[in-house]
Amino acid sequence: MFNSIKLKLVVWFLAVFLLVFAGLEIFLYVKLESLIVNLADEHLTSELETLANLMTVEEAHGQLETEFEELSTAATGMYAEKLSGHYYQIISTDGKVLVRSPSLSLGNASLPLIQGSTTADYRTVAGPGDTPIRMVTQSFPFSIGSLTFQAGDSIEETYELLSSFRNIVLVIFPLIFIMCGLGVFVVTGWVLRSLKSFTLKIGQITEENLNERIPEEGLVDELRPLAVNFNVMLGRLEGSFSRQKQFLSDASHELRTPTSIIKSFCDVTLGRERTANDYKETLKKVGETVNRMCDIINRILVISRLDNKTIDFKPVRVDLMDIMRDVHRLIEPAAEHKDVAIRLSGAGAVVKGDREGLTEVFTNIVENAIKYNRPKGSVNIHVSEESGNAVVTIEDTGIGIPKEEHEKIFDRFYRVDTSRGLTVGSGLGLSIVRTIIDSHGGHIDIESTPGEGTTFRVYIPLPSDKGGAR
Ligand SMILES: Nc1ncnc2c1ncn2[C@@H]1O[C@H](COP(=O)(O)OP(=O)(O)OP(=O)(O)O)[C@@H](O)[C@H]1O
Ligand SMILES: [Mg+2]
C-alpha cells in the first residue's frame, strides 16, 4: 500500500505543506509581536523624553517641586483615568516615588521599581491589576540628584490581538490542510486513472490483436510519449510476427513442391512393375529433389539462426582476397559445368569479420553470377579498397535484373520471374547475404542491365587500425 504513487504524493504534499505553512505562521506571529512591541517602545520613548524635557525646563525655572505636584494631580487625557493602561512615575535616588501619574495614584498602584541607568531599559512586566505592560526605565541627572523616569503602556490588547490571530490560524490552517489533502488525492486519482486504463489496455494486447494501438488522445501529457513509444514497439512486433508467419508459410510452400515431386515420382514408379533401370532412374531423381530440399532446409536454418542471433560471428582480421580465392576454388567446377569463365583480380583488403559468414556471402553472389549467366559468359571478381571500405565487385554477363526488382531480390523467397524457368533456387541466398553484410556494418549495391549483365558491389568497412591478417 505504501508503494502507491497516490499515497506517496499525498503524504509528501501534506508534509511539505505542513512544514511551509507552520513555519510561515510562526514567522508571522513572531514578526507581528515584535512589530507591536516596537511600536509600544517608540511611544514609551517619546513619552519618557517629553517628561524628562519638561522636568529639565521646570528645573531651569526653579519649579521642579511644583511640577512634581502638578504631574501627580493635574494630568489629563489617558493619564487622568484610573488604571487606564497608560502610566508614568518618577523615582528619586533613594527609591522614593516622587511622581505617579493619576492613572496610578487613583488606583493606588505603582509601576514595578527598577533601578534606572542612563540608557533606556525596556521590558514586559506585570503592571497594575496584573495586566501585562511594556515599561521603559531611564535615569536623568538633575540638581537634586539622578531621577529615574518610568513609563508604561498596557499591552493586554496586543496580546489579545495576537491570541485571536493564533486562534484564527489554528482554525483556518487545518481546514486548508484538509482541503489541499483532498485536492491532491482527487487530482492524483484522476491522473492515475489514465495510467490504470493504459495498463488495462496493455494487458489486453496479445499476439492475436497486435494490430490494436493504445489511444493517444485523452492521455495526460506525461503518458503520451509512453503510449507513442509503446505503439511504435507494437508496430515493430506486429511486423516481426507477420514476417515470421509469412516466412513459415513461404517455407512450407517452398518445401511442398519438392515433396510433391518425390511423391509423384514414387506413385508413378510404383504404379506398375518396373525394370531395375527405371527404379535406378527414379531413385536418382528422388535423390536430386531431396538434395534440393536439403539445400532449402539448410538455408531456412541459416536464416532462423541469423534471426535468433544464435550464429556466433567471430570477427578476426581476414583478407577478402583470400576469401575470394577460396570461393573461386569452391565454385570453379560449377562454372566449368556452365561454361562460364571466372577471373579474379585486385589486391588484398583486410577487414575485421567472420571468415565463414563472409565466405557464405561471396559464395552466394558468385553462385548467382554463374547460375544466371549465359553459356560462354564470364564473371569478373575484383577486390580493392575505396574510402575506408574494402570493396568486392562481382560482375557477370548474365540475364540481368530489371530495375524495379533490385530491392525485392533481397526479400526472402523472392525470385525474379525470368529466372524461374532457367534455374532452381529457393530465393533465400541474397536475403542471407544482406543480413550477414549488415552485421558486418557494410552494404551491398547493385547495377544491372537486363540482357547484358549484373554487377554486385559489396562494401565492408576497413578496421580503423589497419594491420596484417592474423
Ligand atoms: N547475378 C544475377 N543475375 C540475374 N539475376 C539474379 C542474379 N542474382 C540474383 N538474381 C535474381 O535474384 C533472385 C534472388 O536471388 P537469391 O540468390 O536470393 O535466390 P536464388 O538464387 O533464386 O535461390 P538460392 O540462392 O536460395 O538457391 C534470383 O532468383 C534471381 O532472379
Ligand atoms: Mg542464389
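How many residues does helix α4 have, and how far does this helix reach from its first C-alpha to its last?

## The helix α4

In this predicted model, helix α4 spans residues 156-204 and has 49 residues. From its first C-alpha to its last, the helix reaches 71 Å, close to the 72 Å expected at 1.5 Å a residue. The number of buried residues among the 49 of α4 is one, so this helix lies largely in the open.

## Overall form of the chain

The chain contains ten helices and twelve strands. Its radius of gyration is 53 Å, well over the 23 Å that the globule rule gives for 470 residues, and the chain is therefore more spread out than a compact globule. Along the principal axes, the C-alpha atoms fill a box of roughly 160 × 55 × 35 Å.

Buried residues account for 22% of the 470 residues in the chain. Of the contacts between residues at least 6 apart in sequence, 63% join residues at least 24 apart.

In soluble globular proteins, nonpolar side chains tend to be buried together. The largest nonpolar core of this chain has 36 residues, of which L320, M324, F362, V366 and V392 touch the most other members. Several elements each supply at least two residues of this core, among them α7 (320-337), α8 (355-371), β9 (378-386) and β10 (389-396). Helix α8 gives the most, with seven residues.

Leaving aside residues up to four places away in sequence, M324 touches L344, F362, I381, V383 and V392. A second, separate core has 19 residues, including A40, M55, L111 and I155.

Definitions and conventions
Residues numbered from 1 in each chain as written. Chains lettered and ligands numbered in written order. Predicted model: local features only at pLDDT ≥ 70, side-chain atom pairs only at ≥ 80, totals over all residues. Core = buried A, V, L, I, M, F, W, Y, C linked by C-beta atoms within 7 Å. Buried ≥ 20, exposed ≤ 12 C-beta atoms within 10 Å, placed from the backbone. Helix = DSSP H or I, 4+ residues; strand = E, 2+ residues; numbered from the N terminus. Contact = placed C-beta atoms within 7 Å. Expected span 1.5 Å × (residues − 1). Rg over C-alpha atoms; globule rule 2.2 N^0.38 Å.
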